Amino acid sequence: MNFRELNPPARTILTPGPVEVEPRVLRAMSYPILGQFDPEFTNLMNQTMHMLRTVFQTENEWAYPVDGTSRSGLEATLTAIVEPSDTVLIPIYGRFGHLLAEIATRLGADVKVIETAWGGVFDPAEVIQAIHAYRPKVVAIVHGETSTGRMQPLEEIGRACREFGVLVVVDAVATVGGVDVRTDEWCLDAVITGTQKCLSVPPGLAPITYNERIAKVVAPRKRVERGLWEPSTGPDASDPVSGIPSNYLDLSQLQDYWGPSRLNHHTEATSMNYALREGLRLILEEGLVQRFERHRAVEQVLVRGLTAMGLSLYGDPDCKLPVVTCINVPPDVDGESVRSMLLRRFGIEIASSFGPLRGRIWRVGTMGYSCRTESVLSLLGAFGATLRRHGFPADTEAALAEALTAIESFAPVSTMA
Ligand SMILES: *Cc1c(COP(=O)(O)O)cnc(C)c1O
């Protein structure tokens, strides 16, 4: 077999992840490896924790990445706090709510699910009522549901959970770094994100944060790995098996690795940590508020362009997720054929959706470095031409004119990182 040199084509990625990565982040990944106990590296780990607290908008001590894609962070957090037969309430309004329910079910929890139709979100009062009815130990909920392009308001739910002594775990994989997520102000006990969405770093890490309420539940389940035990590590060696039924995703051991005791666990993914550190640094350099504004502004350019083109958007506009725009595939248009032509002819990737929405909507992500006006303008031009090839009378000229007008109206906002 003749393997040619790896040379992936340059793409314009407008999906809900993985998204395009800033050249500076890619460059950071090419630096030499440091040993995991090298003070240069542990110092870098500390800096990452520091920047993560700012991005998560929290004062929590614990803010660090789990190695693995976003769901490793979801699974690690739930595995650390859910014990068999604990009641876990999961409000579901799309695919990723089902994922939370699956993880909790695998842990042997007594899972209570409430569902609302895809395309909308819950009235917080419905969730609060279910909390009253089920008295769960944990509520696990998605903030930005990428499968349907909706965003669940969390402030009231978070406050209610705090009041009732319920732990609330939030999948903010799609929102952190692109949309305001106020961990402390909204009383969120654990928040999980992923690198390949609005942080605009390659897939492979799941930054998480959690507060003392979670740490208190984790502490009694903590064990020190037998081969690492010395008198100074505490009385754990007699029972080397942690109460947490995972080794790789054991938060009690991970926090000892990221914390001052630096008790070794796995080997940290060096290059991914370089990437995360640089990605976080770029977010702070841009400024959180400015970054959220950029995501809002580019969303408006996209939405106005698509609407002027003659397309209709899917879902309840009142709870639209700013970083994912869902478009109804017009009747008689083959959605997959449109996506494939966009990729083949224009090098532009947009997404389909899952389950009941598969083939019915297109999803356009405007996240992180992919959230740029020039990418949106390229998409609008390419989309219009492609839709005409598929028999839909797209008004490309009107779409581009409207998008340009929108860009001009946002002139004071930097639309480029
Ligand atoms: C992408 C995504 C996930 C899953 O992330 P992986 O990185 O693929 O593990 C989970 N939840 C939400 C809301 C997502 O958008």
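How far is an oxygen atom of the ligand from an N or O atom in the side chain of Thr146? I looked this up before anything else, bearing in mind that the model is predicted, and I noted a distance of 2.6 Å.

**Entry: the site.** I asked which pocket holds the ligand, and the space that the ligand takes is the largest pocket. Around the ligand I listed Thr69, Ser70, Arg71, Phe96, Gly144, Thr146, Asp171, Val173, Ala174, Gln196 and Lys197. When I sorted this shell by residue class, I counted three nonpolar, five polar and three charged residues.

**Entry: aromatic pairs.** I searched the whole structure for aromatic pairs and found six. For Trp62 and Tyr64 the ring centres are 6.2 Å apart and the planes stand at 90°, which is over the 60 degrees required, so I recorded the pair as edge-to-face. I also checked the burial of these residues, and both Trp62 and Tyr64 are buried. Another edge-to-face pair that I wrote down is formed by Trp362 and Phe383, with 5.1 Å from centre to centre and 70° between the planes.

Definitions and conventions: Residues are numbered from 1 along each chain as its sequence is written. This is a predicted model: local features need pLDDT of at least 70, side-chain atom pairs count only at pLDDT 80 or more; totals for chains, interfaces and linings use all residues. Side-chain values use heavy atoms; hydrogens and water are left out. A residue is near a molecule or strand if one of its heavy atoms lies within 4 Å of it. A polar contact is a pair of N or O atoms within 3.5 Å; within protein, one must be able to donate a hydrogen and the other to accept it, and residues adjacent in sequence count only if both atoms are side-chain atoms. On a 1 Å grid over the protein atoms alone, a cavity is a set of points where a 1.4 Å probe fits but cannot get out, and a pocket is an open set with protein on both sides within 12 Å along at least five of seven lines; lining residues have an atom within 4 Å of a point. A molecule sits in a cavity or pocket if more than half of its atoms lie within 2 Å of its grid points. Ala, Val, Leu, Ile, Met, Phe, Trp, Tyr, Cys and Pro count as nonpolar, Asp, Glu, Lys and Arg as charged, and the others, Gly among them, as polar. Rings of Phe, Tyr and Trp (its six-membered ring) pair if their centres lie within 6.5 Å; planes under 30 degrees apart count as stacked, over 60 as edge-to-face and the rest as tilted. Buried means under 20% relative accessible area, exposed over 50%, partly exposed in between (1.4 Å probe, protein chains only).
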